[in-house]
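Trainee: I would like to go through this model with you. Could we begin with the strands and then turn to the packing?

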Amino acid sequence: MQRIAKERNEAWRYAYRQWIWSHVMDWRQLMFGDETAMDGRALRRRRGWGVIGHRVNVIELFHPLISVLALYTYTGFACWRHVEGAFNADTFLEAMTSMLDDIMQPWPLPNSILILDNCGIHHAHETLLREFIELKGGMLYFLAAYSPIDSPVKSSFNAFKNCWKKYGGLLQWLDLEDAIRWSPGAELPGHGSGRNFRYEISGPEIQAETRNARSISG
């Protein structure tokens, strides 16, 4: 079963994909930014071995809420920042500009287009963020409303959290920065490259149109 927001507008999604196809000459130009959060529940074991007929007891440590802001590219997670608690408009702007200052390049070079969803904190300082990006020579664009399916970072964050669940017993003893760095590399080797990345961004209908156009022109 797939849950689809009632407010999703296919015309807006189509316009977004058309913008991608008109501005992107190389998939390496794209960066997708987003946040995810996890606390002790992400490390919680759901099953365990024990004596038949006896409940299995697991000792859990308290873990505060940690939010991770990441940039996701053709080759996977490029960089990230984390805070204890949740990001707000100010901390998002500070963390995002810090990451972009390290890796953003002028268009049309790789890592020159930033794509964000329509979360409120992404729009709160949109003018400042856009000015910063334009000074770097890059571009800023937003997904169509209620269309997270068009961003490959969403499914990658799911795999990121699954890694924390799978290796929670180990990760809880690591330094937080090391644990975050280890998770994408352990669970997502090569994820973000090739067909999956292109498919999630462009959608099958745009790909079909492109194939038809090439066959006609050929």
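Mentor: Let us begin with one pair of residues. In this predicted model, Ile113 stands opposite Met139 in β5.

Trainee: In which sense do β4 and β5 pair, and over how many bridges?

Mentor: Strands β4 and β5 (residues 139–142) pair in the parallel sense, over four bridges.

Trainee: Which residue in β4 is the bridge partner of Leu30?

Mentor: The partner of Leu30 is Ile113. The strands β1 and β4 pair in the parallel sense over three bridges.

Trainee: Which way do the β4 side chains point, and are they buried or exposed?

Mentor: Ile113 and Ile115 point one way from β4, while Leu114 and Leu116 point the other way; all are buried. In a regular strand the side chains alternate between the two faces of the sheet.

Trainee: Turning to packing, how many residues has the largest nonpolar core?

Mentor: It has 22 residues, and those with the most contacts inside it are Ile20, Leu30, Phe32, Phe77 and Ile115. At least two residues of this core come from each of α1 (10–23), β1 (30–38), β2 (66–73), β3 (76–84), β4 (113–116) and α5 (152–166). There is also a second, separate core of 20 residues, which includes Phe87, Ala89, Ile121 and Leu140.

Trainee: Which residues of α1 are buried?

Mentor: Arg13, Tyr16, Arg17, Trp19 and Ile20 are buried in α1. Viewed down the helix axis, the buried residues of α1 fall within an arc of 155°, so they line one face of the helix. The face turned away from that buried side carries the exposed residues Ala11 and Ser22.

Trainee: What span does α1 reach from its first C-alpha to its last?

Mentor: The 14 residues of α1 reach 20 Å, close to the 20 Å expected at 1.5 Å a residue.

Trainee: Which residue in β3 does Val68 stand opposite?

Mentor: Val68 stands opposite His82. The strands β2 and β3 pair in the antiparallel sense over eight bridges, and they form a hairpin with two residues between them.

Terms used:
Residues numbered from 1 in each chain as written. Predicted model: local features only at pLDDT ≥ 70, side-chain atom pairs only at ≥ 80, totals over all residues. Heavy atoms only, no water. Core = buried A, V, L, I, M, F, W, Y, C linked by side-chain atoms within 4.5 Å. Buried < 20%, exposed > 50% of the residue type's maximum accessible area, 1.4 Å probe, protein only. Pairing = 2+ DSSP bridges. Expected span 1.5 Å × (residues − 1). Arc of directions from axis to C-beta.
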